[in-house]
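Hi there,

Here is the structure I promised to pass on to you. Have a look at it first, and my notes follow below.

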Amino acid sequence: MNKWLGVVAAIVAPTTLITALCYYFGAVSTYAYFEYFGIGASALGFTTQYYVLGSVAVLFPLLVVLPATVCIALWVVAYGRRALRTRLRSRHIRRAGWAVTATGIVLTALSVWFISGVASPEVNATLIPVALGSGAVLVAVGTEVLTKVRSGDAPRYATSAELFTLLFSAATLVLALFWGANIYATAYGEARAVEKAAGLWDTDNTVVLETADPLAIPSNLVKATALGVDPTHRFRYRYECLRTIAVQPDQWILVPARWTITYGNAVIVPVDEYSRLNVVRRSLPVGVSPMDWNADGMRWPCPEVGPR
């Protein structure tokens, strides 16, 4: 029984960890995506499944690069150990070990210094986890070299100091990798948002929204039409020139075709009996940019309602 419990635990624990990482990085990317449009993703109530599925595109490049890097590192370690066996008595090997260790300590210390906020110089945030991870690797390599030089070919157990140094280096490297992946997930979400915003004007899929109550959207961003005050009609207002940035079973997130950082309006429309959403695919005019929205002396907020 204990054997089977151990097998189940060995499978469930990694699965739980992988799911948690997928959820986290998917959430980071999603938050960055909607933050660009001025929307707090926490208010949208996305499910765990949404975040996990959204992490696939974020983690895929990392899952390709990380195993390749580990493979290269293992080959380098194997070759380095073989080279050390033939040159253990070399004074230059000892000096190189101390130099590598010192460099790793300096990089780690600088990273911690910048993390603590004591340092005020402007530094690219990506460089800090890179320096932190590089420092951890160099400390581990230097420690391994010095250990081999002291022990020679005689087998021996690692001392407490050496073991603690290696564990510290491993923990620091994991922290640096996590931090770097977090930065990448944020940048990926922002890049998706920038690409989406750049294509809002020219997209062929447009949204026509009809509501029972008026919406507070600036008139220069959408075409609003009153459908009448007949009490038998549920929908009294129609809004054109809208685009989707996310669709969920219970809500649609819409922005105007002319959305910009300056005109950053967004509409969260619940899917209920008080709203009707129509997706229309149209052949839009080619070569007309948002900067020409005052063409022909008339203000038009999107190509589908502009002059043909």
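A hairpin joins β3 to β4 through 2 residues. Before going further, please keep in mind that this is a predicted model, where local features need pLDDT of at least 70, side-chain atom pairs count only at pLDDT 80 or more, and totals for chains, interfaces and linings use all residues. Residues are numbered from 1 along each chain as its sequence is written, and side-chain values use heavy atoms, with hydrogens and water left out.

Strands here, like helices, are DSSP runs numbered from the N terminus (helices are H or I with at least four residues, strands are E with at least two). Two strands pair if DSSP finds at least two bridges between them. Strand β3 (residues 237–248) pairs with β4 in the antiparallel sense over 6 bridges, and T244 has L254 of β4 as its bridge partner. On to β5 (residues 267–270): β4 pairs with this strand, also in the antiparallel sense, over 4 bridges. There, L254 stands opposite V267.

How covered is β4? Of the 6 residues in this strand (251–256), 6 are buried (under 20% relative accessible area; exposed is over 50% and partly exposed is in between, with a 1.4 Å probe and protein chains only). In a regular strand, side chains alternate between the two faces of the sheet. Both faces of β4 are covered, with Q251, I253 and V255 buried on one side and W252, L254 and P256 buried on the other.

Now to the charged side chains. A salt bridge is a side-chain nitrogen of Lys or Arg within 4 Å of a carboxyl oxygen of Asp or Glu, and by this rule the count comes to 3.

One of them is between D204 and R281, at 3.7 Å from N to O. D204 lies in the loop between α5 (160–198) and β1 (205–211) and R281 in strand β6 (residues 275–281), so the pair ties together parts that are 77 residues apart in sequence. D204 is partly exposed at 30% relative accessible area, whereas R281 is exposed at 62%.

E210 takes part in a salt bridge with R238 (3.0 Å, N to O). This pair links strand β3, which holds R238, to strand β1, which holds E210, across 28 residues. Through shared partners, E210, R238 and R276 are joined into one network. E210 is buried at 4%, while R238 is partly exposed at 29% and R276 is partly exposed at 39%.

Best wishes
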